[in-house]
Amino acid sequence: MSLKLGVPSKGRLMDKTFAWFEKCGIALSRSGSDREYAGKVEGIDNVSLILLSAGEIPRELATGRIHLGVTGIDLVHEKLPRWEQQVEEVAPLGFGKADLIIATPACWVDVDTLDDLDAAAAGFRKAHGHRLRIATKYHRLVREFLTDAGVADYTLVDSQGATEGTVVNETAEAIADITSTGETLRANHLKILSDGLILQSQATLWRSRIAKYDPDEKAVLNELLDRLA
Amino acid sequence: MPNRSQIQARAAMMRVRFEAAGAHVVDTPLLQPAGMLLDLYGEDIRARAYVTSDALRGEQMLRPDFTLPVVQMHMSEGAEPARYTYSGEVFRRQEHDPDRANEYIQVGYEVFDREDPAGADAEVFSLFALQLRGLPLRAATGDIGILTAAVAGLKTTDRRKAALMRHLWRPRRFRVLLDRYAGRKPGPEGRDALLDAADPLAIDAPMIGKRRAPEIFERIEALREDRTAPPISDNELAGLETLLNVRETMPFALEQLRDVAVDLPQITPALDRLEARIAALQARGVDVDRLDFEASYGRTSMEYYDGFVFGFYAEGRPDLPPVATGGRYDALTRQLGDGVEIPAIGGVIRPDLMLELEEAAQ
């Protein structure tokens with residue numbers, strides 16, 4: 001059987017992943033039309049390319065349906081509880097860099113730290129009768145981070161896109177989201193808490209600890225890892 | 001491993017014993033409205049309970065424990081004094097330890113009685129000890145009421161006391177606050193400049209969001225007030241630190257705490273209650289000279305306990321959760337009782353863990 005490599009199926013993440021493997025002498029490409037999610041691998045035998053949404057790659061690694069996969073640290077940590085036991089980090093790929101952070105309106109001059117956020121949350125709940133809402137799609141990571149920091153009186157509200165806009169629209173008071181340059185945050189009059197960095201993420205090549213490796217797959221895995229090193 | 005019917009048979013047997021002690025059997029729905037639980041526990045409960053929903057009733061949770069619905073039931077229709085027992089499944093999400101059960105049976109006993117709190121404490125503890133007799137367990141006890149009394153009586157601003165009280169159950173945050181209020185840790189950079197500014201809100205950013213300018217200004221005023229408040233004294237701080245570290249058998253713990261009360265006289269009424277409890281436990285035949293008391297015990301568990309707390313742990317099995325836990329939750333009845341309150345104490349036992357320990361012993 002061949003070693004299955006999962007790669008994001010579109011956009012810059014796919015292009016940059018292809019370019020990264022190219023440097024190691026492995027040419028990945030989409031076979032056939034642009035709409036078809038099948039791939040071709042040249043420069044190494046017995047590796048098959050599987051094109052997937054970046055968000056699905058953590059789960060595919062965890063179930064062992066793919067042996068190797070490229071996706072962000074943020075998605076692996078969010079989607080896989082006890083991720084260390086399910087996947088192993090093979091190599092950071094140096095692109096797709098982004099920080100998961102907590103941001104509040106810039107006009108909150110009294111809020112600079114998590115400590116301030118906690119105090120603001122207590123006051124907010126008293127004034128408005130509900131908890132301070134933080135919009136995010138990273139529920140597990142944000143909850144664990146805030147629990148660990150001892151922040152209370154907040155609630156997470158789900159936001160799968162345009163999260164920065166939730167504050168202006170008053171569907172949330174603060175946000176926890178991925179940012180690379182901070183440009184979108186500034187444009188939406190938000191600022192990052194000075195101790196509000198939850199996670200630094202980048203595109204990473206992962207190996208599944210769950211997938212079964214037959215002797216052929218093991219051999220090609222070792223060859224591949226040698227060439228990537 | 002014990003099977004389900006063995007666990008259910010054991011649960012039924014234990015419930016009969018609680019009935020014999022005077023309790024009424026009660027049951028509660030498996031699906032609980034999420035609002036009340038979220039209100040009480042906050043976002044943390046989502047990490048511990050399974051949430052589901054439908055369009056009609058909104059978010060609901062698979063019963064994470066019985067105490068809340070039993071208290072609600074008692075506050076709306078119960079006569080007093082009252083004793084209740086129940087047994088049934090509770091559900092807890094497990095995201096860190098796959099060996100911990102996410103569904104298990106609890107057998108519980110709850111007492112609502114205003115006449116004799118020390119007697120009720122001793123009644124519940126000794127009934128639990130009786131149910132668990134013969135198992136290799138270590139009992140731990142504590143008293144959240146001593147901590148709250150210590151904080152409530154600090155010679156500092158009400159705002160500081162409220163902030164400390166709010167974080168009593170988050171030891172790390174509590175520590176940070178305490179250090180700040182004792183003047184041991186400066187505020188964040190730029191804080192002084194902000195508080196000194198004639199118009200702190202005059203910045204180059206539009207007002208957005210539901211938290212409006214008056215709220216921001218109110219907090220700045222609070223910070224200004226706090227900056228001029230004197231630090232918590234070394235005496236009080238040392239007293240609080242000694243208190244938090246008391247870990248002894250019950251009579252010695254009481255003795256140490258009486259020494260702490262020299263610096264923190266506000267804990268004396270709570271210590272009198274501890275003394276009465278020790279006497280009541282002794283009267284019921286509990287060997288208090290070998291019963292552990294930890295002043296910090298119960299600080300990281302459910303937030304509703306506010307007095308006597310206890311737990312039974314399997315000796316040499318740190319991998320197992322406690323076999324039984326319980327405590328006093330007077331404030332919860334006040335919160336759920338619409339102005340009415342009644343002193344209440346209760347706890348739960350896990351028959352599955354009892355059977356597992358019995359099997360291991362054979």
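This is a predicted model: local features need pLDDT of at least 70, side-chain atom pairs count only at pLDDT 80 or more; totals for chains, interfaces and linings use all residues.
B:Gln106 belongs to strand 6 (residues 103–112) of chain B. Beyond its neighbours within four places in sequence, B:Gln106 is in contact with B:Phe66, B:Ser87, B:Val90, B:Val348 and B:Arg350. B:Pro230 lies 124 residues from B:Gln106 in sequence. In space, the two are 49 Å apart, C-alpha to C-alpha.

Three strands of chain B form an open sheet in the order 2-4-3. The pairing is antiparallel. Strand 2 (31–33) and strand 3 (51–54) of chain B stand at the edges. Each has a single partner strand, so one side of each is left without a neighbour in the sheet. From one strand to the next, the twist averages 40°. Three bridges join strand 2 of chain B to strand 4 (residues 58–62) of chain B. Here B:Leu31 stands opposite B:Leu62 of strand 4.

Helix 13 of chain B runs over residues 268–283 and has 16 residues. From first C-alpha to last, helix 13 reaches 23 Å, close to the 22 Å expected at 1.5 Å a residue. Buried residues in this helix include B:Ala270, B:Leu271, B:Arg273 and B:Leu274. Further along, B:Arg277, B:Ile278, B:Ala280 and B:Leu281 are also buried. Their cover includes helix 5 (117–131), helix 6 (144–152) and helix 12 (250–263) of chain B. Strand 7 (137–143) and strand 10 (308–314) of chain B are also part of this cover. Just after helix 13, B:Gly285 takes a positive phi of about 85°.

Conventions: Residues are numbered from 1 along each chain as its sequence is written. Chains are lettered from A and ligands numbered from 1 in the order in which they are written. Helices (H or I, at least four residues) and strands (E, at least two) are DSSP runs, numbered from the N terminus. The expected span of a helix is 1.5 Å times one less than its number of residues. A residue is buried if 20 or more other C-beta atoms lie within 10 Å of its own, exposed if 12 or fewer, and partly exposed in between; C-beta atoms are placed from the backbone. Two residues are in contact if their C-beta atoms, placed from the backbone, lie within 7 Å. Two strands pair if DSSP finds at least two bridges between them. Axes are lines fitted to C-alpha atoms, for helices over the stretch in contact, and angles run from 0 to 180 degrees between N-to-C directions.
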